[in-house]
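Here is a briefing on the contact between two chains. Look at the interface before reading on.

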Amino acid sequence: MSMRTLPLLFLNLGGEMLYILDQRLRAQNIPGDKARKDEWTEVDRKRVMNDIISTMFNQKFMDELFKPQELYSKKALRTVYDRLAHASIMRLNQASMDKLYDLMTMAFKYQVLLCPRPKDVLLVTLNHLDAIKGLIQDSPTILHQVDKTFRQLTDIYGGLSAGEFQLIRQTLLIFFQDLHIRVSIFLKDKVQNSSGRFVLPVSGPVPWGTEVPGLIRTFNNKGKEVKRTEFKHGGSYVAAPKEGSLELYGDRVLKLGTNMYSVNRPVETHMSAASKNLASQTQESIVPNPLAKEELNLLARLIGGMEIQKPSGPEPGFRLNLFTTDEEEEQAALTRPEELSYKVINIQATQDQQTNQELVRIMGEFEITDQSRQSSSKGDDWLAMMDEL
Amino acid sequence: MVAADSERPNASGVSELLIHWCVLPFRVLLVLTSHRGIQMYESDGSVMVYWHALDAGDASLVQAAFARGIAASGHYVCVGTWSGQVLVFDIPTKGPNIVLSEELARHQTPISDIATEPAQGQDCVADTVTADDSGLLCVWRSGPKFKLLTQIPGFGVPCSSVQLWQGTIAAGYGNGQVRLYEASTGTVHVQIDAHARAICALDLAPEVGKLLSAAEDTFVHIWKLSRSPEDGYIEAAPLL
């Protein structure tokens, strides 16, 4: 399997998460002067997006991410996004976080499946990065961070061969195997059918580098073409117009990975029918695994690179609901099928002295620009937060 | 029958697992490849007769070790690896005394598939083809020391699947093309723009000369292969 898959997985899932959060925050927007203390304003929304994006693109975090390594388990990856979503003043309930993660994963699964060529997953990633830059136009420091990540991405992936991208594609698809959660926006657009499977189109442009099917050419010993025959292929394909650009600014051509949410389209996931599909899924074993400790150490190092802010005062009422009403959110939490629950990992950083010191050292190197929400000691802060996970 | 891989329940997913019946002159072996290595079982699955751990070497830095591509040629079983090496195992008529006889080192990128056909009786006739992720095809004659007969270069696209039939190589590529080559010379004789996405697999019915191609564009095609009556070159016609 490819050891270069994690950055692509992380950046694209992160991008989808930002699309969804941005859409929900805008939907719940209240004009600044009319807002009550616990309601979202435009300023709050921008603040949340800035906080999450700057945590996501933290340089140490990115350096750790881009090292060749195996993909994390689903649980470990979910934990990373849990932390990321709470990198600001926003709070999500378990049910909303579950729904957010379901939407993120199904969206990226769709994008990977539909990529015309394996290398196009890079264009999908660039589409996400372009959109992320659009969300932080007013913050030059964060923009700079994102541009740096852009260059890291194109440096590493720009030169990979088609075969290596095919391996990356397979690694991603294995990660998403057996995930068939139905998403209403996909069902409505008929790109997903009621069994949760995606519809693969058999029309449109062929991938860059592929010919439109339908031609058989025969050659003689000297390489000269001696016959041409045409046949009916079955699909209705057209030639690819041009190759998507990998430059900092350019036409990506591919639409996959652009923001498919708009303010007026509520996005729901359907749980009840999905659970029937899971009856045949393999159960994840709860037997302790010697490799799990290694994985958790990696995860702790990765999370150690994340700068997390914690409000020093009492918990503010800045809760985001991914459902239309609070009652719906409660109901979703109660009826969520057991197989779909993501068991978030608790990392006890206090146990391992050495890991603790390393993480505290990394934390000590960060500068938190917003002073108002600082608490007494960054080290204590971080550990207290970890214990609460 | 065979115990499933239960060692890594929390892993991100099952790594490549390939299974192939290897039909040899005096026995049939079931060969499995996974991230852990190559396992060979008696055909009823009752006994594992051989296990070869993959040597990760420097691989673990950038690439996970895996094996891919299994084929039987005479009394040899060939298995491809992530490094491009093809491991050749000499299989005795019975028992577990299997030895690694040779490591073919012509490919520089991961092996994608291996195809074989029974030797036609004469010397220096190709009976084994190995393919890799760069699209390179190597044509061999099996034996105590495998002989490389010819090489067919790639063109920037992985060759995902390969078949060998009556001296003709059928290769399926990541850009949806199927190409037919003369095995002895490496000359391309037929090029089919068969699919709009990467070809996943080729299969061939040797008695009737029908080739099947399946691809990620959701289509399956069947082609009739034949030799042109005038010059004896291979031709293909669409059946489905």
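**Interface of chains A and B**

Chain A and chain B are joined by 2 salt bridges. This is a predicted model. In one salt bridge, A:Lys227 meets B:Glu235, with the closest N and O atoms 3.4 Å apart.

**Polar contacts and make-up of the chain A side**
- Across the interface, 11 residue pairs are in polar contact, both residues at pLDDT 80 or more.
- On the side of chain A that touches chain B, the elements giving two or more residues are helix H4 (74-85), H8, strand S4 (215-219) and helix H11 (290-304).
- H8(A) supplies the largest share of that side, 8 residues.
- By residue type, that side of chain A divides into 24 nonpolar, 15 polar and 10 charged.

**Extent**
- In chain A, 49 residues are in contact with 43 residues of chain B.
- The two chains bury about 3800 Å² between them. Carbon and sulfur atoms account for 53% of that area.

**Strand pairing across the chains**
- S4(A) pairs with strand S16 (residues 188-193) of chain B. The sense is antiparallel, over 4 bridges.
- Opposite A:Ile216 stands B:Ile192, in S16(B).

**A residue in H8(A)**
- A:Gln170 lies in helix H8 (residues 162-175) of chain A.
- Its relative accessible area is 27%, so A:Gln170 counts as partly exposed; the range for that class runs between 20% and 50%.
- A:Gln170 and A:Ser88 are 82 residues apart along the chain. Their C-alpha atoms are separated by 34 Å.

Terms used: Residues are numbered from 1 along each chain as its sequence is written. Chains are lettered from A and ligands numbered from 1 in the order in which they are written. This is a predicted model: local features need pLDDT of at least 70, side-chain atom pairs count only at pLDDT 80 or more; totals for chains, interfaces and linings use all residues. Side-chain values use heavy atoms; hydrogens and water are left out. Buried means under 20% relative accessible area, exposed over 50%, partly exposed in between (1.4 Å probe, protein chains only). Contact means heavy atoms within 4.5 Å. Buried area is the accessible area (1.4 Å probe) that two parts lose on being put together, summed over both. A salt bridge is a side-chain nitrogen of Lys or Arg within 4 Å of a carboxyl oxygen of Asp or Glu. A polar contact is a pair of N or O atoms within 3.5 Å; within protein, one must be able to donate a hydrogen and the other to accept it, and residues adjacent in sequence count only if both atoms are side-chain atoms. Ala, Val, Leu, Ile, Met, Phe, Trp, Tyr, Cys and Pro count as nonpolar, Asp, Glu, Lys and Arg as charged, and the others, Gly among them, as polar. Two strands pair if DSSP finds at least two bridges between them.
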